[in-house]
Amino acid sequence: MKKVYIIGLGIGNISYMHKKSEEAVNSSECLIGAGRMLKSFMDSGKTIYESSNAENICEYIDQSRFNSYGIMVSGDSGFYSLSKKITEIIARKNEIIIENIPAISSLQYFTAKLNISWDNINYLSAHGRSINVVSHVIFNEKTFILTGRDFGPGAICELLTNKGLGHLKVSVGENLSYENERIIESEVEKIAGMKFESLSVMLIHNNEFISKDEGLRSIRDEEFITGSAPMTKSEVRSLSVGKLNLKSNYTVYDIGAGTGSVSVEAALKLHGGTVYAVEKNSQAAELIYKNIQKFKTRNIEVVKGSAPLAIENLPKPDACFIGGSSGNMEQIIKIVLAKNPDVDIVVNTITLQSLNEALSCMEKYKIKNMEIINVSVSKSKKVGKYDMMIGQNPIYIISGKGSGIL
């Protein structure tokens, strides 16, 4: 039976290898890994196979005659490592025993260099992955990022600066543990555009982060900055956002966003997602910006214009709220379903004509799980020593989910 060690080499400098890793290397007849992982072992006298492709490595082990292999991976084998995919493939083979050897990760090393603990840090990787940096940063006091070749510290800081977060403190490290190690601490806007090595790391400090508990509550109407733009009232807003069936990483459209109250309440639940607030009225759009500033929900993108034209180039939505359609409801629903046939849709209307239009669209496009709610809310108001109930306009909330077909 073959034995495969997946050996975490730690931060990079070979002096950070521990005794168990050295023993695993010595026990292996064949060493496997990317060129920079194998560099220190080329004169070890062992057979060397250079590859960083999981499938190729597993196929090589399948076809080779050796009894023991050491697959060298950077950092810790359990932290955004090639080990995950290799372990999944090899675990399906009964004739191979696999053992992961952990090591010091870049997160551990970097935070130690900064003299801070890492047990309360939100971490993510931009290396070969698409990540929503803004949402992670606004909801966490500290965010650690393994950066990538195409999305390095300079580009990430440029993005954060454009979102009004240029004043935050950031620590950037490159070539960690090597002689040319460089660690810079500054403000985000001063790092924006700077060049670093492709596998750098960064830690963004946000003392103004939003507590995730904020997304659990219903926001009172008087907390919003309002003008003449229409606003979905608190009780109706809570019901409508609930019907969107949100998940934390969703992309959400708020069409006819008005003051942005639905956008803000949804954005506070999207710890890794984005809301696109579409509004054609320029004064209302300014109110949305002010409410973004007040609630610190910089995971909202304001899109000035009318749907459906304004949403044509937006990313695929997971959920769509339509608070105002300007008579274009069918075209809006058609394009939203074309982008995602399984999208959750919620429409709010106050007129019978709009209700009929919404129902016709839902039937035409075979929206499933369709539900119609009529909400009549009365709220108390102090009149002298008495509490008088004041009625609001009744609202229709129509919700459903795309059926997977257009």
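Hi everyone, thanks for coming. Please keep in mind throughout that we are looking at a prediction.

Let's start inside. In soluble globular proteins, nonpolar side chains tend to be buried together. Here, the largest nonpolar core has 52 residues. Which of them touch the most other members? Those are Ile145, Leu160, Val170, Met202 and Ile204. Take Val170 as an example. Setting aside neighbours within four places in sequence, Val170 is in contact with Cys157, with Ile184, Glu185, Ser186, Glu187, Val188 and Ile191, and also with Met202, Leu203, Ile204 and His205.

Now to the surface. Val383, Tyr386, Met388 and Ile390 make up a nonpolar patch, and together they have about 380 Å² of accessible area. The element that gives the most to this patch is strand E18, residues 386-391, with 3 residues. Met388 lies in that strand. Its relative accessible area is 43%, so Met388 counts as partly exposed.

In H1, residues 19-27, the buried residues are Ser21, Ala24 and Val25. Why do I put them on the same side of H1? Because they cover an arc of only 100° around the axis. On the other side of H1 you find Lys19 and Asn26, which are exposed. And what covers the buried residues? Four strands are included in that cover: E1 (2-8), E2 (30-33), E4 (68-73) and E5 (96-101).

Two single residues before I stop. Tyr178 sits in the loop between strand E8 (169-174) and strand E9 (182-187). Its relative accessibility is 38%, so Tyr178 counts as partly exposed. Which residues does Tyr178 touch, not counting those up to four places away in sequence? The answer is Gly12 and Asn13. Tyr178 and Asn13 are 165 residues apart along the chain, yet 5.8 Å separates their C-alpha atoms.

Finally, Asn291, in helix H11 (residues 282-295). Is Asn291 buried or exposed? Its relative accessibility is 0%, and the cut-off for buried is under 20%, so Asn291 is buried. Leaving out neighbours within four places in sequence, Asn291 is in contact with Phe224, Ile225, Thr259, Val264 and Thr297.

That's my tour; I'm happy to take your questions.

Conventions: Residues numbered from 1 in each chain as written. Predicted model: local features only at pLDDT ≥ 70, side-chain atom pairs only at ≥ 80, totals over all residues. Heavy atoms only, no water. Core = buried A, V, L, I, M, F, W, Y, C linked by side-chain atoms within 4.5 Å. Buried < 20%, exposed > 50% of the residue type's maximum accessible area, 1.4 Å probe, protein only. Contact = heavy atoms within 4.5 Å. Patch = residues over 30% accessible without salt bridge, like charges linked within 9 Å, V, L, I, M, F, W, Y side chains within 5 Å. Areas by Shrake-Rupley, 256 points an atom, 1.4 Å probe, with all protein chains shown as cover. Salt bridge = Lys/Arg side-chain N within 4 Å of Asp/Glu carboxyl O. Helix = DSSP H or I, 4+ residues; strand = E, 2+ residues; numbered from the N terminus. Arc of directions from axis to C-beta.
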